[in-house]
Structures are given as structure tokens and as C-alpha cells.
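Good morning, and thank you for joining.

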Amino acid sequence: MAKTPQKLHIKTFGCQMNAYDSERMAEALAGHGYAPTDDPAEADLVILNTCHIREKAAEKVYSELGRVRTLKQARKARGLDTMIAVAGCVAQAEGSEILDRAQVVDLVVGPQSYHELPSLLGRVRDGKERVVATDFPAEDKFLSLPDRPVSRAQPSAFITVQEGCDKFCTFCVVPYTRGAEYSRPVAAILAEAERLARSGAREITLLGQNVNAYCGEGPDGRDWSLAKLLKRLAGVPEIERLRYTTSHPRDMDDDLIALHGDEPKLMPYLHLPFQAGSDRILHAMNRKHTAGDYAELVGRIRAARPDIALSTDIIVGFPGETGADFEDTLALVRRIGFARAFSFKYSARPGTPAASLPHQVPDKIARERLHILQSLLEDEARAFDAATVGRKLKVLFERQGRKPGQIAGRSPYLQAVHGDGPKDLIGQIVDVDIVSAGPNSLTGVIKSEFEWREPVQAAV
Ligand code: SAH
Ligand code: SF4
Ligand code: F3S
């Protein structure tokens, strides 16, 4: 009798890199008899892919484990076993502490050990032991993971090209959870991109914690920069759009800036975190750039690509931040003008240098600053969106919209756009007249030969 497939449910927290890892884990386990399910109650294996970046994110794991424990008990009453694994950055940071805090967990697996998942699960199942795998193995997990068996790719697909971080900003856990900077070889990335493109991907976003620090082995045996990699990918005919995220201001080199002016497939959008506008705070953060450096860099990027949409990450309430420091952050936001931004209240993370600095900012003050900053950022985002109303933009349609008959996608500036149109346009790049801007997305009228009309009901 054929063995019934086991069901796998993965819940993903955190950044796009975790989302990519979840896909790769699902693919690796598919070869070992696990079929994905959206319903955790049906799952023989539940993986929580976790994020450690801020306290709130890390604590979510434990509330989620409470829910999973209830599910496991309910399944046990039906005579079914459930294995529970914690993956991702909390797994790496807390390791065996998770086993102590949550009895329900069978396996803790760090981001550099996903290629070992099948054998680790075997150990849990056969030995009835609880396992922790958080070493940084010498071998490349990407080379050891099976090739992505893409049957139908999303119109917009992601590829991790670089992992880890050597920058050690004093507030950040990533260098500890993801390890040292590592770049995948060009040939592996190209093969993955071509496979995705053949299966329908039109847009590829290259991912990395410091993606513009990319420095991978090229087919010529030399190290290739991100600019060189992007240029090579732009040569793949089916790939019509390229993006990359997240960048560090220190790694924006001249070739990459120039490429924004020269390569039409490279979309006019750049996520470039600056974290704080006060040089004193930037120094304490170990960012190794000043507010002036950042503004000068943006000037050079805009000179290469004047319409580029900029987005950023900002932290308020870093230890020692005064009212005047915070004003410097607001001033830099006003000086640059962002299309989008992500802003956070500083969260002291165990093991990071900033956690033990004096003058931690009281929560009430940090909350007030965050509120003021977010209302400024929201005004800027609305102004950016409003300025695109009346323009014709190329939209890559990715999915059906919320309302029947609607489809939704992204503009070159990464704005969400929806409009009435047929499902066949999903996966295509189409001219759209932008007619209005709402708080979360733009509304457009689909143009050109694809002009959409209500289907006429045939008379019976
Ligand atoms: N590698 C990227 C981003 C990493 S984490 C970069 O260097 O820009 C994403 C964002 O989370 C950071 O840009 C920062 O704004 C925020 N972040 C990181 N650690 C944080 C902390 N301890 N408290 C609050 N926000 C934090
Ligand atoms: Fe964290 Fe700084 Fe590295 Fe970004 S550059 S991942 S903020 S340490
Ligand atoms: Fe979170 Fe790890 Fe990403 S800490 S933001 S999941 S790199």
C-alpha cells in the first residue's frame, strides 16, 4: 500500500528572506513525502519560521506555540501525531532555550541548517528525541537544497542571493542570527532565475540582508558585484523587471547607481534604510555614515534616475536620543521625501551592544516620536501616490483583486494598483491610466489592446 503523504503547514514571520526560506523548506520536504496544507489542524508537521528582530516579533512565537499545543492535543485525541519545529531567527538566537520554554517543540532548526531538515525530522521521529540544529555549517545550504521544481511561478518571484551581515549595527540581531555575509555563486542564481522565468515569472527581486554587498563567484572565476549580476539577469529575455532589497548606504557603488540610469529593466524603486538623522546617534548605531552622506548619496542616485521612488527604515528612541536628535530625523525625512517607509520604536535585543547603553528612552516618549514620524511619512507617501494620478504606468498584474472582476498588481514604483480587467492579464505588464489614489492602493483603468469590457451575456 502506498504511504499516505504527510501534511506540512509552515507559518512565516519576519522578512522576505524568511518567506523565501519557507518556500525552499516546503520544496525540500516535498521530495520526502510532505504535501503543503493551509490548515494547521490537518498538519502532521508544523514549522514556525520565526523572526527575532524586535521583542514583539520574538514573543509572537510563544503565543503561536500555545495555539499549536492546543491543535496537537486535539489531534492526539483523534489518534494523530504532530511534529512541531521552530525555524528562523528565534531558533538561531535561542536554541535549546526554546525546548525548555515550550515542551511542545520537537525540533529547533537555524536558518543555515534547512538542507538537513529531512534527516533532522528522521532523528526526531525514529529516536523520539528532541533536536537542536543551530550550527553554522561550512557547506552551502543552497547548494545542498534541491533545485526549485517550479511548475508555475508567481509573476513576481524572489531569489535570495546574499545572506548574513558583517555590519554589526549596535541595535541589530541579524549578524548573530544569520551569520557572516555570504554570496551565492552567479551560475546558481542564473539557473534559478531562468527556471523561474520559464515558469512564468516576469519580475525577479534579489534578496539579501545587505544585498548590495553581493560579491559572488562569477562563471569567469572572478567576484561579481550586484551591478554585474543584475546586468547579466537583464539579459534573460523573459525577465522584464528586476528589483533588489535590502541595501546599505555604504554599499551603493558607482556601477549600481549608474545601472539605475542605464538599465530599463531595473525598476525605479530603492529601499535604502538610514535609521536616524542625527550624526551622534548614527555613530552610536555604528552605521558608519552621516545624515549628510546619505543625502549626498540620494542626490547621486536621483541624478542617475530622477524619478526613482525611495523607501527607508527608521528607528526612533535609540538609547540617548534627545528631542533635538529626533528633530534631525524629521529634517532628513523632509529633505529626502520618501515614497514609502517603515518606522520602528527601538527594541532592546539581548546580546546586542545597544541593549546595555545608558539613557534608554522611556517608552512613552518613543511612542510619541513614532507617532509624529509616522504622520510625516504618511503625508509623504500620499503626496508621492497623488503625483502619479493622471499618469499612465506599466503595471505587472499578479493576482485577482478583492472585488470580483478586479485584478491587482504593482507599478514600477512598487505601488499597489488595482483595476477592472480579465484574469488573463495576470502575469502581464499592461499600460494603466491611474485615476485615483487611496490609502493602500491606486485605482487604474486598463489601457491599450487589452481594454476590458464587461462580458456581454449571451441571449438564450
Ligand atoms: N539589513 C537591513 C535591515 C535589517 S532589519 C538593513 O541593514 O537595513 C529591518 C529593519 O528593522 C532595520 O532596518 C531597522 O530599521 C529595524 N530594526 C532592526 N533592529 C531593530 C531593533 N532592535 N529595534 C527596532 N528596530 C529594529
Ligand atoms: Fe542589521 Fe545593520 Fe546588518 Fe542591517 S546592516 S542587518 S541593520 S546589522
Ligand atoms: Fe527577522 Fe531574521 Fe528577517 S530577525 S527580519 S527573520 S533576518
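Where is the place of threonine 246? Threonine 246 sits in the loop between β13 (241-245) and α10 (254-262). Please bear in mind throughout that this is a predicted model. With that said, the backbone here deserves attention: threonine 245 and threonine 246 are joined by a cis peptide bond, with omega at about 0°.

Lysine 288, which is not a glycine, has a phi near 60°. Its place is the loop between α11 (279-284) and α12 (291-304). Is lysine 288 buried or exposed? Its relative accessibility is 55%, and because the cut-off for exposed is over 50%, lysine 288 counts as exposed. Histidine 359 likewise shows a phi near 60°, again a positive value in a residue other than glycine. Histidine 359 lies in the loop between β16 and α14 (363-388), and with a relative accessible area of 63% it is exposed.

Let me turn to ligand 1. How many residues surround ligand 1? There are 15, and the closest are Phe171, Gln209, Gln275, Asp313 and Ser347. By class, this shell holds 6 nonpolar, 4 polar and 5 charged residues. Strands β15 and β16 each contribute at least two residues to the shell.

A polar side-chain atom of aspartate 313 is 2.6 Å from an oxygen atom of ligand 1. Through its backbone, serine 347 places an N or O atom 2.8 Å from a nitrogen atom of the ligand. A polar backbone atom of phenylalanine 171 lies 3.0 Å from a nitrogen atom of ligand 1. Taken alone, ligand 1 exposes 540 Å², and the protein buries 90% of that.

The residues around it include Cys165, Cys169 and Cys172, together with Phe171, His248 and Arg287. The shell of ligand 2 comprises 7 nonpolar, 2 polar and 2 charged residues.

Next, the sheets. In general, strands of a sheet pair through backbone hydrogen bonds, either parallel or antiparallel. Here, 3 strands form an open sheet with parallel pairing, in the order β14-β15-β16. β14 (269-271) and β16 (340-345) are at the edges with a single partner strand each, so one side of each has no neighbour in the sheet. From one strand to the next, the twist averages 10°. The parallel pairing of β14 with β15 (residues 309-316) runs over 3 bridges, and leucine 270 stands opposite leucine 310 in β15.

Finally, consider β17 (residues 392-400). It pairs in the antiparallel sense with β20 (residues 429-437) over 5 bridges, and with β18 (residues 406-410) over 4 bridges, also antiparallel. Which residue of β18 is the bridge partner of leucine 396? It is arginine 410, while in β20 leucine 396 stands opposite isoleucine 429. β17 and β18 form a hairpin with 5 residues between them, and glycine 405 in the turn has a positive phi of about 85°.

Thank you for your attention.

Conventions
Residues are numbered from 1 along each chain as its sequence is written. Chains are lettered from A and ligands numbered from 1 in the order in which they are written. This is a predicted model: local features need pLDDT of at least 70, side-chain atom pairs count only at pLDDT 80 or more; totals for chains, interfaces and linings use all residues. Side-chain values use heavy atoms; hydrogens and water are left out. A residue is near a molecule or strand if one of its heavy atoms lies within 4 Å of it. Ala, Val, Leu, Ile, Met, Phe, Trp, Tyr, Cys and Pro count as nonpolar, Asp, Glu, Lys and Arg as charged, and the others, Gly among them, as polar. Two strands pair if DSSP finds at least two bridges between them. Axes are lines fitted to C-alpha atoms, for helices over the stretch in contact, and angles run from 0 to 180 degrees between N-to-C directions. Buried means under 20% relative accessible area, exposed over 50%, partly exposed in between (1.4 Å probe, protein chains only). A polar contact is a pair of N or O atoms within 3.5 Å; within protein, one must be able to donate a hydrogen and the other to accept it, and residues adjacent in sequence count only if both atoms are side-chain atoms. Accessible areas come from the Shrake-Rupley method with a 1.4 Å probe; for residues, only the protein chains shown count as cover.
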